[in-house]
Amino acid sequence: MDVVVPPDPDPAPPDGADENAAARKAWRDSAAAGEPLTGKALGDRFKRSEWWGRNRIKEARRELQAEQETGDDVAGETDQQDARVPVGAGVELEEERRRRASSRGGPLTRVNVNTAGHNLPMWIICTRGAAAGRRVDVFTSADMLTLTCAQVNAHLACELFPQRRRAREKGTVPTRCAAPGRRRRCSCRIADSAATAADAAATDPQTLTVDTLSPAHAVSPTLYGLFFEEINHAGVGGMYAELIRNRAFMESATAPAWWAIVQDRGGSATASLDGEQALNAVLTRSLRLRVNSVESGQRVGIANGGYFGLPVVPGRTYQASFFAKASNGFTGPLTVSIEDAGGRRVHSTARVSGLTSTWQRFTATLRVPPGGKPSTNNRFVIGIDQQGGKPSEVAPGTSVWLQVVSLFPPTYNDEPNGLRPDMVEKLKALNPRFLRFPGGNYVQGLYDPSDPWGTRFDWKKSIGPIWTRPGHYNASWSYWSDDGLGLYEYLRLAEDLDATPVIGVFAGFSIDRQRIGNGREIVPEADLGPYVEDALDLIEYVIGPVTSPWRARRAADGHPEPFATPLIEIGNEDNARGGSSSYNAYRYARFHDAIKAAYPQITTIATTAVTSRPMEVLDEHLYSSPTSLAVQAHRYDTYDRNGPNIFVGEYAARRGNSQDISTGPLGYSLGEAAFMTGLERNSDIVTMASYAPLFSFVGQTQWGFNMIGFDPLTSYGGASYYVQQMFARNVGDQVLPVTSDGTGLFCSSTIQTATGEVHTKIVNTGNSPQSVRLDFAGSRASTARVQVLSDPGPEASNTLADPTRVIPRIVDLRGSDGQFSYQVPANSLSVVTIRR
Ligand code: AHR
């Protein structure tokens with residue numbers, strides 16, 4: 001079963017069904033002719049990407065496989081008919097099949113799954129063989145299940161299809177699947193919810209045995225960390241607290257984007273970019289405000305509405321700053337104000353004087369009085385009026401030039417150029433052991449023929465005073481970054497979180513959306529040197545000795561002491577779009593050799609497998625449906641223990657093109673939780689893991705789903721946030737073996753050796769509760785505390801309006817001699833904690 005669905009930044013259009021079918025056919029024809037097309041060749045033929053082609057091949061293979069299975073033994077089944085039934089996937093069935101096959105001989109049954117989007121309960125009752133009569137829960141979230149087996153009875157809830165709901169209402173439950181897209185035979189008996197509930201209740205509790213005395217291996221102390229990427233306005237307009245959008249007027253060369261002219265009560269002025277009046281060599285233009293006329297009682301100025309709103313919270317103090325110079329001996333004053341978007345209500349205002357014909361930096365403190373409600377429909381205005389001076393002082397033609405116009409609310413720990421406290425605190429509460437930054441695709445940038453690697457993250461342009469940072473277009477995610485959140489700020493964040501920095505460096509490979517396929521997005525070997533130097537300089541900046549020049553820059557930026565020794569990730573997803581061979585041949589090799597020679601203490605991370613050099617850590621990314629991700633709970637069970645350590649640098653359950661949805665439903669998060677039990681159980685080899693992406697500005701999202709949603713005023717954790725928190729905050733230092741005599745649950749357990757605290761995670765991805773007997777072998781505990789994240793429906797999710805719909809609650813259990821009965825709720829993650 002293909003479960004790893006690599007992200008495709010160029011997804012198929014919604015009307016691509018015919019095209020997909022044509023591509024599948026093309027591949028099947030080519031395979032039948034003995035010359036199967038590659039993903040790239042198929043993509044090229046349909047003018048699509050290699051990933052697209054590969055995905056069509058996977059589908060075509062599944063089709064073929066399913067057709068072969070249709071011919072399987074179906075003897076004895078009388079209600080045979082095709083069914084392509086939207087339900088969850090048979091994760092547990094797979095497990096059960098394997099388990100039964102090995103323990104009792106003979107396969108249980110066959111169910112294949114395909115992925116897509118419904119959230120429906122499903123049980124499969126095995127009707128034959130050793131497992132006959134057993135109920136097997138099937139993961140029930142958001143995917144298309146293709147039943148291929150005629151040896152099961154499927155109990156599908158009646159709300160699956162309207163006709164079934166109607167049938168239930170009428171009391172006549174159909175006995176045959178009537179699903180659309182019939183393609184293969186399947187014998188199903190449809191039962192209504194009551195019947196399936198009865199089935200559920202009838203099953204015996206399973207026993208989960210946790211061996212508290214025989215740890216399997218140590219838990220990686222760095223297992224749970226964070227991946228921050230500048231995507232979905234996670235940084236600019238998000239965690240980076242700057243409120244002014246396009247503060248340095250560098251976003252557009254033709255107009256002062258996001259700025260508006262203010263001409264109150266008949267005042268007249270123009271605002272334009274002025275390339276003749278640059279602040280410095282980096283900020284190569286400024287904004288010129290030219291007064292045409294401003295009489296008493298009038299005002300002219302420029303206004304900025306922030307990133308999709310400018311948040312104002314009563315009682316807060318805001319720090320404004322800007323560079324200004326003026327013509328004609330105009331010295332001011334300028335009025336600086338935070339006001340509502342229409343300019344009717346001024347929240348706070350200040351005056352700034354002393355302008356000259358040379359650039360100076362001005363600051364103003366704006367206190368918004370307490371009382372009233374927080375709001376976002378506001379703007380920041382720098383204006384000129386006559387109240388502070390004589391009319392002649394603002395003669396027509398007077399000009400004021402402005403640069404780096406900045407407004408900060410209170411920041412985390414009052415750090416200058418700092419971060420939003422609510423968002424940093426949410427990260428802190430995840431107890432992260434590392435912080436990977438600044439991306440992802442953001443590190444790489446998009447290939448552009450005029451400047452092939454010009455939109456990569458160039459760390460050297462992201463340090464120093466903010467007026468020395470030009471900013472750059474975040475081409476990967478289509479918005480401007482002022483780079484106020486630069487290398488220094490990322491390192492300070494890691495420090496505040498007490499997390500090891502994991503820094504992604506550009507490794508000579510950008511993203512080519514046009515997929516020309518000639519490798520033009522790859523830096524040729526002869527040109528790679530400067531990028532390797534950049535990486536070495538970066539390391540010097542982070543940990544360099546007192547004598548080094550980049551260390552001096554770090555000290556000037558405010559941190560004389562070295563930062564914590566980082567891990568260096570060489571590139572990002574270098575297997576994509578044909579990057580592997582150059583990565584193996586020279587890109588990874590050059591970076592690896594140079595870093596190791598200069599800094600042997602630094603651990604490097606490869607983004608795809610290489611043979612040319614040793615791999616210390618390999619970063620794997622897994623995005624897929626919740627079902628498929630849950631299957632991956634077993635991915636690392638069989639990984640070579642002599643190979644590199646694994647960093648699961650990005651993973652999440654996704655639903656197709658859900659770009660506009662900030663945080664996902666519980667069912668998705670439970671797919672992640674199931675997967676995480678496998679990470680924890682295999683944390684001898686999986687040494688680091690981080691969910692992705694982290695933040696999403698609600699309504700301004702390029703990627704769904706994400707862990708934390710926010711708007712200009714508040715932030716909230718999605719269900720995935722609480723899954724992450726429950727895992728990361730309840731982990732010991734040794735993994736304990738867990739065995740079960742049943743199926744349907746995903747489990748892992750760890751013990752904190754010093755305290756004897758045992759944390760056992762149990763994930764139920766099904767829509768029915770499961771009774772378990774918990775047996776903590778070697779323990780006499782009689783009390784257990786359970787943190788439970790659950791909801792009767794897997795679609796339940798948190799939102800800005802309802803941020804606590806899905807949050808953990810506490811249940812206390814009483815038992816004896818380390819044994820407890822526990823009803824594992826439907827759709828749930830439970831963390832059971834005892835003291836051995
Ligand atoms: O997390 C979003 C993107 O997914 C990352 O930028 C990239 O590494 C991956 O493809």
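## Pockets, cavities and sheets in a predicted model

Let's start with a pocket: β13 (317-326), β16 (360-367), β18 (399-408), α9 (487-497) and α11 (549-557) each contribute at least two residues to the lining of the second largest pocket. Helices (H or I, at least four residues) and strands (E, at least two) are DSSP runs, numbered from the N terminus. The model is a predicted one, in which local features need pLDDT of at least 70 and side-chain atom pairs count only at pLDDT 80 or more, while totals for chains, interfaces and linings use all residues. Residues are numbered from 1 along each chain as its sequence is written, and side-chain values use heavy atoms, with hydrogens and water left out.

With five residues, α9 gives the most to the lining of this second largest pocket. The lining has 31 residues, and Phe 408, Glu 415, Pro 416, Asn 417 and Gly 418 lie nearest the centre.

Arg 492 is buried, at 13% relative accessible area (buried means under 20%, exposed over 50%, partly exposed in between, with a 1.4 Å probe and protein chains only). Neighbours within four places in sequence aside, Arg 492 is in contact with Glu 415, His 559 and Phe 563, where contact means heavy atoms within 4.5 Å.

Rolling a probe the size of a water molecule over the atoms shows where empty space is left. On a 1 Å grid over the protein atoms alone, a cavity is a set of points where a 1.4 Å probe fits but cannot get out, and a pocket is an open set with protein on both sides within 12 Å along at least five of seven lines; lining residues have an atom within 4 Å of a point. Six cavities of 30 Å³ or more are found in the structure. The largest cavity is lined by 16 residues, with Phe 457, Trp 459, Val 505, Phe 506 and Leu 538 nearest its centre. The elements giving two or more residues to that lining are α9, β22 (500-505) and α10 (529-543); α10 gives the most, with four residues. Among the residues that line the second largest cavity are Arg 247, Phe 249, Trp 480 and Asp 482.

| Space | Volume | Lining by class |
|---|---|---|
| Second largest pocket | about 640 Å³ | 14 nonpolar, nine polar, eight charged residues |
| Largest cavity | about 140 Å³ | 12 nonpolar, one polar, three charged residues |
| Second largest cavity | about 60 Å³ | seven nonpolar, one polar, three charged residues |

Here Ala, Val, Leu, Ile, Met, Phe, Trp, Tyr, Cys and Pro count as nonpolar, Asp, Glu, Lys and Arg as charged, and the others, Gly among them, as polar.

On to the sheets. Five strands form an open, antiparallel sheet in the order β9-β12-β17-β14-β15. At its edges stand β9 (259-264) and β15 (346-352), each with a single partner strand, so one side of each is left without a neighbour in the sheet. Two strands pair if DSSP finds at least two bridges between them; β12 (residues 299-304) and β17 (residues 378-385) pair over six bridges, and Arg 299 stands opposite Asp 385 in β17.

Another open sheet, with mixed pairing, has four strands in the order β32-β6-β35-β38. Its edge strands are β32 (738-740) and β38 (819-824). Strand β6 (residues 206-211) pairs with β32 in the antiparallel sense over three bridges, and Leu 208 stands opposite Ser 740 in β32.

Finally, 10 of the 10 residues of helix α15 (residues 719-728) are buried, so the helix is largely enclosed by the rest of the structure.

How values were computed: Grid points are joined across faces, edges and corners, and a volume is the space filled by probe spheres set on the points.
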